[in-house]
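Please keep the structure open beside it as you read.

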Amino acid sequence: QGKFTLLRDTRTDGSFLVHHFLSFYLRAGCKVCFVALLQSFSHYNIVAQKLGVNLTAAKERGQLVFLEGLGSCLDVVFGEEELEEGQEAKEPHPLQFIRTSFSSSGTVSDLRALFNFVRTALAPVDGDAWQGRVLLLDELGVLLSLGAAPVAVLDFVHYCRVAVCSRLKGNIVVLTHSDEDSEDEENELLVTSLCHHSDLILWAEGLATGFCKDVHGQLKIIRRTSLQPGGEQDTLQLYQYKIQERNVTFFARGMSAAVL
């Protein structure tokens with residue numbers, strides 16, 4: 001409880017980790033707020049069904065609060081007239097910062113509305129019996145592409161950690177893409193900062209030797225024991241993996257059945 005987990009991928013797609021944590025926490029009886037900026041709800045639902053979880057049913061019973069960023073972005077950018085009429089009393093859209101970033105007024109955009117959405121979604125309600133609270137975000141770098149500044153994104157993560165991890169004793173799982181050879185300095189600054197504040201880092205990497213049909217990549221598991229009082233050096237475990245239809249197989253480097 002109260003942990004921040006960073007999912008990082010380089011030269012590969014680490015979304016299989018997002019699907020794992022989503023199905024894992026729903027099966028565990030936790031209430032999940034899923035901020036999905038990369039794919040549609042139907043995409044996540046199809047994969048979840050293969051893993052034995054029904055996201056539609058989870059939404060109907062109030063266990064899953066889902067924000068679909070793909071459709072919401074279009075609503076914010078092109079839905080000005082609809083948003084302006086008679087909606088003064090309503091809460092601003094979670095992605096309202098997009099309109100501010102596109103304006104020419106020079107106003108600095110922040111992610112306060114998105115944070116309020118997360119806080120409201122995971123706020124305790126009398127009578128609920130959820131085993132814990134979880135914020136799942138896929139993928140954080142998209143906020144930069146939508147116009148948010150790296151400082152604003154880091155502020156958003158900080159406030160979420162205080163609200164979810166510290167006060168609610170819940171968990172946060174965030175996916176972000178990185179490329180060590182990339183010229184995107186803002187994204188690399190974001191990823192580096194998140195690594196320093198994470199309790200656990202799951203880093204999926206593509207093979208340095210290139211594509212292999214029997215070994216899809218390697219996963220670094222970095223446990224940040226140095227962040228704990230009296231903690232020693234961080235521990236590192238390294239595995240290779242192969243993604244299958246309904247699960248993922250892990251093995252030590254060079255120990256794939258196909259190789260042996």
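1. Let's start with Val 174, which counts as buried because its relative accessibility is 2%; buried means under 20% relative accessible area, exposed over 50%, and partly exposed in between (1.4 Å probe, protein chains only). Val 174 sits in strand S5. Leaving out residues up to four places away in sequence, Val 174 touches Phe 4, Thr 5, Leu 6, Leu 7, Leu 137 and Leu 140, where contact means heavy atoms within 4.5 Å. Its C-alpha atom is also 6.3 Å from that of Asp 138, 36 residues away along the chain.

2. A word on what you are looking at: this is a predicted model, in which local features need pLDDT of at least 70 and side-chain atom pairs count only at pLDDT 80 or more, while totals for chains, interfaces and linings use all residues. Residues are numbered from 1 along each chain as its sequence is written, and side-chain values use heavy atoms, with hydrogens and water left out.

3. For the overall picture, the chain has ten helices and nine strands; these are DSSP runs numbered from the N terminus (helices: H or I, at least four residues; strands: E, at least two). Of the 260 residues in the chain, 44% are buried. Among contacts with a separation of 6 or more, 65% are between residues 24 or more positions apart.

4. Asp 138 comes up again at a cis peptide bond, which joins Asp 138 to Glu 139 with omega about 10 degrees. Glu 139 belongs to the loop between strand S4 (133–138) and helix H8 (141–145). As background, most peptide bonds are trans, and most residues other than glycine have a negative phi.

5. Arg 11, in the loop between strand S1 (4–10) and helix H1 (15–27), has phi near 60 degrees and counts as exposed at 53% relative accessibility. Lys 169, in the loop between H9 and strand S5 (171–177), has phi near 55 degrees and counts as partly exposed at 48%.

6. Which residues does Thr 12 contact, leaving aside its neighbours within four places in sequence? They are Ala 204, Glu 205, Gly 206, His 216 and Tyr 241. Thr 12 and Gly 206 are 194 residues apart in sequence, yet 5.0 Å apart in space, C-alpha to C-alpha. Thr 12 is in the loop between S1 and H1 and is partly exposed, with a relative accessible area of 25%.

7. In helix H4 (residues 69–78), the buried residues are Gly 69, Ser 72, Cys 73 and Val 76. They lie on the same side of H4 because they cover an arc of only 105 degrees around the axis, taken from the directions from the helix axis to the C-beta atoms. The face turned away from that buried side carries the exposed residues Leu 74 and Phe 78.

8. Finally, please look at helix H9 (residues 150–167) and helix H10 (residues 185–197), whose axes come within 10 Å and cross at roughly 25 degrees. H9 and H10 are therefore roughly parallel, a term for angles under 35 degrees. Pro 150, Val 153, Leu 154, Val 157 and Arg 161 in H9 meet Glu 186, Leu 189, Leu 190, Ser 193, Leu 194 and His 197 in H10.

Technical notes: Axes fitted to C-alpha atoms, helices over the stretch in contact; angles between N-to-C directions. Parallel < 35°, antiparallel > 145°, perpendicular 65-115°, else oblique.
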